[in-house]
Amino acid sequence: LKPKVSIVAISYNHEQYIRQALDSFLNQKTNFEFEIIVGDDCSTDNTASIIKEYAEKYPALLKPILRTKNIGVQRNFSDTMSKASGKYIALCECDDFWTDPNKIQIQADFLDSNPQCSLCFHPVNVFFEGKKGEEATFPNKEDFKDFSLKELLKQNFIQTNSVMYRKQNHIDIPDSILPVDWYLHLYNAQFGEIGYIDKVM
């Protein structure tokens with residue numbers, strides 16, 4: 001059975017955080033098949049062995065790409081995304097995690113019922129390790145007139161771990177492009193509207 005959603009995650013030296021990220025993917029409750037593709041860019045810590053451990057435990061779900069040579073964030077993202085076979089792609093880098101086990105179900109349902117949207121996203125909680133009281137929710141809806149391509153060109157209001165795209169023909173990300181996620185949001189936003197789900201997930 002072909003997965004409906006591909007969770008695409010990239011990692012580099014994320015050993016402190018990656019278990020929390022992978023657990024949050026595995027905890028997703030859906031009425032469809034999904035896959036998890038993790039591209040590790042030749043981490044120098046224990047990240048790759050943690051991914052391997054999870055892949056051995058969940059071979060049907062988790063497809064690891066463990067690079068033996070560092071290729072950089074752009075090419076790691078491009079290549080990892082190109083392996084996705086789902087109708088929809090949900091992004092998350094491995095130092096982030098999801099808090100809602102219904103997240104990808106909610107977003108896939110949204111794209112199913114809003115064919116005019118080429119992507120959707122939601123606000124996220126941002127917190128700083130070791131700094132109490134510095135939490136914030138981003139984006140704050142009051143700060144934006146609309147979530148349009150024109151506004152997105154001015155400011156990246158989409159956090160990587162909140163986005164789900166309709167799968168487009170795969171593109172190579174130029175090595176000179178940073179930040180990669182903003183470029184990907186803009187690339188996908190040209191094919192339709194940007195959907196906003198007002199729920200932190």
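Buried denotes a relative accessible area under 20%, exposed over 50%, and partly exposed the range in between (1.4 Å probe, protein chains only). By that scale Ser148 is partly exposed, at 22%. The model is predicted: local features need pLDDT of at least 70, side-chain atom pairs count only at pLDDT 80 or more, and totals for chains, interfaces and linings use all residues. Residues are numbered from 1 along each chain as its sequence is written, and side-chain values use heavy atoms, with hydrogens and water left out.

**Ser148**
- Ser148 lies in the loop between β7 (136-138) and α5 (149-154); helices (H or I, at least four residues) and strands (E, at least two) are DSSP runs, numbered from the N terminus.
- Not counting residues up to four places away in sequence, Ser148 touches Phe157 and Ile194, where contact means heavy atoms within 4.5 Å.
- From C-alpha to C-alpha, Ser148 and Ala9 are 25 Å apart in space and 139 residues apart in sequence.

**Asp41**
- The loop between β2 (34-40) and α2 (47-57) holds Asp41.
- Leaving aside neighbours within four places in sequence, the contacts of Asp41 include Ser11, Tyr12, Lys69 and Asn76.
- The Asp41 side chain reaches the backbone nitrogen of Ile71 at 2.7 Å.

**Cysteines**
- The structure holds zero disulfides, a disulfide being a pair of cysteine sulfur atoms within 2.5 Å.
- Cys94 is in no disulfide, and its nearest cysteine sulfur, that of Cys92, is 6.8 Å away.
- Cys120 is likewise in no disulfide, with the nearest cysteine sulfur, that of Cys117, 7.4 Å away.
- Cys94 is buried, at a relative accessible area of 0%, and Cys120 is buried, also at 0%.

Note on methods:
A polar contact is a pair of N or O atoms within 3.5 Å; within protein, one must be able to donate a hydrogen and the other to accept it, and residues adjacent in sequence count only if both atoms are side-chain atoms.
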